[in-house]
Amino acid sequence: MCGIFAYLNYCVCRERRYILEVLFNGLRRLEYRGYDSAGISIDSHPTNESKDVRCQSGFSPPLVFRQEGKIDQLVRSVYEEADAADLNLEELFTNHVGIAHTRWATHGPPSSRNGHPQSSGKENEFLVVHNGIITNYMVLKETLLRHGFEFESDTDTEVIPKLAKFVFDRLSEQKTNDGEGSEKVPFTQVVMEVMRQLEGAYALIFKSPHYPNELVACKRGSPLLLGIKELPEDGKGGAAFHDGKVRLNKENGKPKELFFASDANALIEHTREVLVLEDNEVAHVKDGGVSVFKFDFDKAKKMGGLPRPASVERALSILEMEVEQIKKGNYEHFMQKEIHEQPESLTTTMRGRLIRGGDSKLKGVLLGGLKDHLWTIRRCRRIIFIGCGTSYNAALATRSIVEELSGVPVTMELASDLLDRQGPIYREDTAVFVSQSGETADTLLALEYALRKGALCVGITNTVGSAIARKTHCGVHINAGCEIGVASTKAYTSQIAVIAMLALAVGEDSISSQSRREAILDGLFDLPNKVREVLKLDGEMKELAMLLMGEQSLLMFGRGYNYATALEGALKVKEVALMHSEGILAGEMKHGPLALVDETLPIIVIATHDNCFSKQQSVIQQLQARRGRLIVMCSKGEASLVCANGGCRVIEVPQVQDCLQPVINIVPLQLLAYHLTVLRGYDVDQPRNLAKSVTTE
């Protein structure tokens with residue numbers, strides 16, 4: 001939800017056209033996060049060369065472009081406006097700060113006036129791009145209105161640059177009265193004073209002509225990364241940090257490029273050396289150097305003023321991803337690519353974590369991030385899985401095996417519902433937080449709640465360095481690789497595999513379950529091959545999609561391990577194909593859903609062979625008796641057992657261990673959702689109204 005990107009070149013000449021293209025491409029890398037408008041801001045003229053165009057305040061106001069719709073519409077709009085204004089796109093900038101943003105509407109409808117960057121006023125003295133929500137914006141807006149500020153947008157963000165302008169004017173006036181008028185108010189002081197007034201979650205980047213070639217970024221709750229690339233003296237490229245040291249370089253004078261982004265996808269093609277900003281950290285870029293400060297939010301609130309900021313020494317991290325991961329390759333869509341990548345993503349998820357046994361070694365699982373906490377988990381009062389959407393479904397799919405192997409009661413919680421109820425969590429509990437991005441707002445708030453209650457907090461996420469990865473006591477990275485499509489596919493199957501391995505690790509001290517654990521381990525080793533096998537159903541799922549593309553609704557029945565499969569399959573169909581779809585626990589069929597059954601409504605029944613198989617056979621018979629239009633998913637060779645009279649369409653899938661069957665069974669439903677979306681003419685990778693990373697409540 002919303003994407004932030006900024007590009008700074010220092011002591012290296014770049015044409016205005018080049019700067020624009022870097023900003024546009026950065027936004028394209030963030031498209032998958034979801035957006036409905038986009039905007040950028042660049043300098044109107046190089047510093048110290050713009051006296052003829054300076055405004056009343058003595059500086060050249062930055063240029064701001066905003067456009068409703070897709071990034072390509074913004075690109076066309078910018079070049080059309082540049083042409084109309086006779087803007088020289090070949091003009092060179094030795095130093096420059098450009099900021100860009102994709103907006104997902106929360107306050108006010110999608111429109112150019114509600115887009116970002118938001119401005120302090122006509123002269124653009126302060127510009128801000130923002131990811132998150134300011135919860136006290138109405139109070140701030142009323143205060144600023146009383147001081148003569150005029151508002152143009154419906155957004156919560158607009159209060160931020162106007163508040164920055166208000167703070168800057170007051171602090172500057174105070175310095176003048178104190179006889180210090182020649183000293184400029186530090187940019188960081190302005191930003192920290194603004195932070196002190198804000199409530200909510202945010203990642204912010206500030207740009208101001210009062211501080212040419214400077215930029216200040218800060219965050220509280222929403223993700224923000226800094227990437228640094230040092231260049232050789234000729235400024236023509238080269239590796240970042242050519243001295244080989246990974247550190248935050250504060251030296252001035254060397255040509256370099258710096259980038260800020262909401263996630264790593266927008267950085268990887270420029271540099272691998274990144275700094276993940278922590279909550280309440282402020283990064284100040286000036287003269288090519290980066291200074292990081294820690295803002296003590298609680299202390300500032302108590303003091304009613306700014307405490308002296310503490311400088312922070314931070315090391316850079318290396319991004320463990322490849323540029324190819326953010327490209328489609330030979331596929332038409334990212335979702336299609338990610339569905340077909342699942343054999344490889346599962347292999348990567350399990351690499352180095354499964355012990356084959358032999359040579360006096362027992363089969364087992366090695367999860368380095370959990371090994372110091374397994375004893376606590378085994379002896380906890382209960383295990384609570386907490387997540388949202390697909391991550392919740394992945395945890396639900398593995399609840400039974402965790403209970404079976406650990407002997408510990410397992411409960412499921414939707415993060416938002418747990419927060420609404422303020423449900424009881426105890427020190428003796430283990431809370432497991434499942435999130436693909438590691439930045440999901442509700443899951444993060446639930447994590448903070450569980451930490452306050454004293455529970456052991458475990459994170460399962462796909463993003464190294466994410467908020468959940470940093471704030472939990474321990475955890476496991478699923479290592480599924482970069483997932484661009486809004487509808488999660490390979491992360492879901494990797495989450496199931498990781499939680500299954502967690503169950504094996506927790507239960508490894510039980511002799512009675514040893515044979516069961518070994519069977520599951522064997523199944524995990526062979527799981528990628530089974531997924532390759534089920535991917536061969538692609539053509540069959542396309543044919544089924546052609547039969548269903550005109551339908552308005554679709555039901556999916558599952559039970560046991562595959563109740564979660566029904567929920568997740570239905571979620572995929574409604575997410576991308578925009579078709580009403582509902583996953584239903586088959587045991588609840590007679591308690592209402594049966595009333596919907598007739599010869600026109602398509603129904604998918606998941607009936608692969610497990611301990612619920614005979615019950616699913618009964619469900620199929622009852623649906624057939626009411627002339628239901630059935631599509632049955634069953635294990636290979638069992639078509640005659642689930643559909644003896646041939647009155648339904650059958651999808652046969654490979655049989656694996658019951659607790660791993662959800663990994664196999666979801667793949668045909670992912671393919672079905674994909675083909676339905678393409679045939680119905682909708683956007684596969686960026687479905688309507690949805691965002692990849694939900695960073696607001």
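This is a predicted model, where local features need pLDDT of at least 70, side-chain atom pairs count only at pLDDT 80 or more, and totals for chains, interfaces and linings use all residues. Residues are numbered from 1 along each chain as its sequence is written, and side-chain values use heavy atoms, with hydrogens and water left out.

**Exercise 1.** Decide whether Phe 149 is buried or exposed.

*Solution.* Start with the cut-offs: buried is under 20% relative accessible area, exposed is over 50%, and partly exposed is in between (1.4 Å probe, protein chains only). Phe 149 has 15% relative accessibility, so it counts as buried.

**Exercise 2.** Classify the pair of Phe 168 and Tyr 211, then say which parts it ties together.

*Solution.* Rings of Phe, Tyr and Trp (its six-membered ring) pair if their centres lie within 6.5 Å; planes under 30 degrees apart are stacked, over 60 edge-to-face, and the rest tilted. Here the centres are 6.1 Å apart with 80° between the planes, making the pair edge-to-face. Next, Phe 168 lies in helix α4 and Tyr 211 in the loop between β9 (200–207) and β10 (215–220), so the pair ties together parts 43 residues apart in sequence. (Helices are DSSP runs of H or I with at least four residues, strands runs of E with at least two, numbered from the N terminus.) Finally, check burial: both Phe 168 and Tyr 211 are buried.

**Exercise 3.** Find which residues form one aromatic cluster.

*Solution.* Look for Phe 5, Tyr 7, Tyr 18 and Phe 259: these form one cluster. Overall, the structure holds nine aromatic pairs.
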